Amino acid sequence: MTTPSSTTAPAPFGWCHWHKGPSGTAVMVDIVEQNSGPGAALYACAPCREQRGLTPVVEQAHEVAYRDYLIHTTDCAGCSRLGRCDVGGRLRDIYQKALGATP
């Protein structure tokens with residue numbers, strides 16, 4: 001009989017949109033927005049990311065900046081819907097700049 005502690009987890013499965021095949025190392029590298037309907041996520045495996053210079057979404061500047069902004073505003077008593085503290089305002093500006101928007 002197999003117990004939960006003696007079973008191994010299955011290998012992760014993903015799809016690489018660059019070499020158009022299965023991969024155990026695929027991570028999201030881009031998000032395609034659409035005007036109507038759901039958007040799409042594009043995934044790339046480790047070799048394709050290295051060959052093409054692709055950066056995982058979680059490491060892209062706008063994602064890092066947004067995560068920092070959310071963590072700060074969640075814990076900061078000076079940040080609310082009505083305004084931001086100085087640090088929250090600077091983090092928001094960094095996020096906007098990373099998106100390519102003007103603050």
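Select C16, V29, A44, C45 and C48 to begin: these five residues form the largest nonpolar core. A nonpolar core is a set of buried Ala, Val, Leu, Ile, Met, Phe, Trp, Tyr and Cys residues joined through side-chain atoms within 4.5 Å. Buried means under 20% relative accessible area, exposed over 50%, and partly exposed in between, with a 1.4 Å probe and protein chains only. The model is predicted: local features need pLDDT of at least 70, side-chain atom pairs count only at pLDDT 80 or more, and totals for chains, interfaces and linings use all residues. Residues are numbered from 1 along each chain as its sequence is written, and side-chain values use heavy atoms, with hydrogens and water left out.

Remain on V29 and display its surroundings. Apart from neighbours within four places in sequence, V29 is in contact (heavy atoms within 4.5 Å) with W18, L42, Y43, A44, R49, L54, T55, P56, V57 and Q60.

Next, show the whole protein chain as a cartoon. Three helices and four strands make up its secondary structure, and their order along the sequence is β-β-β-β-α-α-α. Helices (H or I, at least four residues) and strands (E, at least two) are DSSP runs, numbered from the N terminus. Of the 103 residues in the protein chain, 21% are buried. Among contacts between residues at least 6 apart in sequence, 34% join residues at least 24 apart.

Now select K20, in the loop between β1 (14–16) and β2 (21–23). K20 has 62% relative accessibility and therefore counts as exposed. Its phi is near 55°, a positive value in a residue other than glycine.

Proceed to helix α2 (residues 61–75) and helix α3 (residues 86–99), which pack at an angle of about 160° with their axes 8 Å apart. Axes are lines fitted to C-alpha atoms, for helices over the stretch in contact, and angles run from 0 to 180 degrees between N-to-C directions. The two helices, α2 and α3, are therefore roughly antiparallel to each other, a term for angles over 145 degrees.

To see where they meet, select A61, H62, A65, Y66, D68, Y69 and H72 in α2 together with V87, G88, L91, R92, I94, Y95, A98 and L99 in α3. By class, this contact has 10 nonpolar, three polar and two charged residues. Here Ala, Val, Leu, Ile, Met, Phe, Trp, Tyr, Cys and Pro count as nonpolar, Asp, Glu, Lys and Arg as charged, and the others, Gly among them, as polar.

Within α2, select A61. A61 counts as exposed because its relative accessibility is 55%. Its C-alpha atom is separated by 9.5 Å from that of K97, 36 residues apart along the chain.

Finish at C85, in the loop between α2 and α3. At 23% relative accessibility, C85 counts as partly exposed. Which residues is C85 in contact with, leaving aside neighbours within four places in sequence? They are H72, C76, G78 and C79. C85 and H72 are 13 residues apart in sequence, and their C-alpha atoms are 9.9 Å apart in space.

Methods: Parallel < 35°, antiparallel > 145°, perpendicular 65-115°, else oblique.
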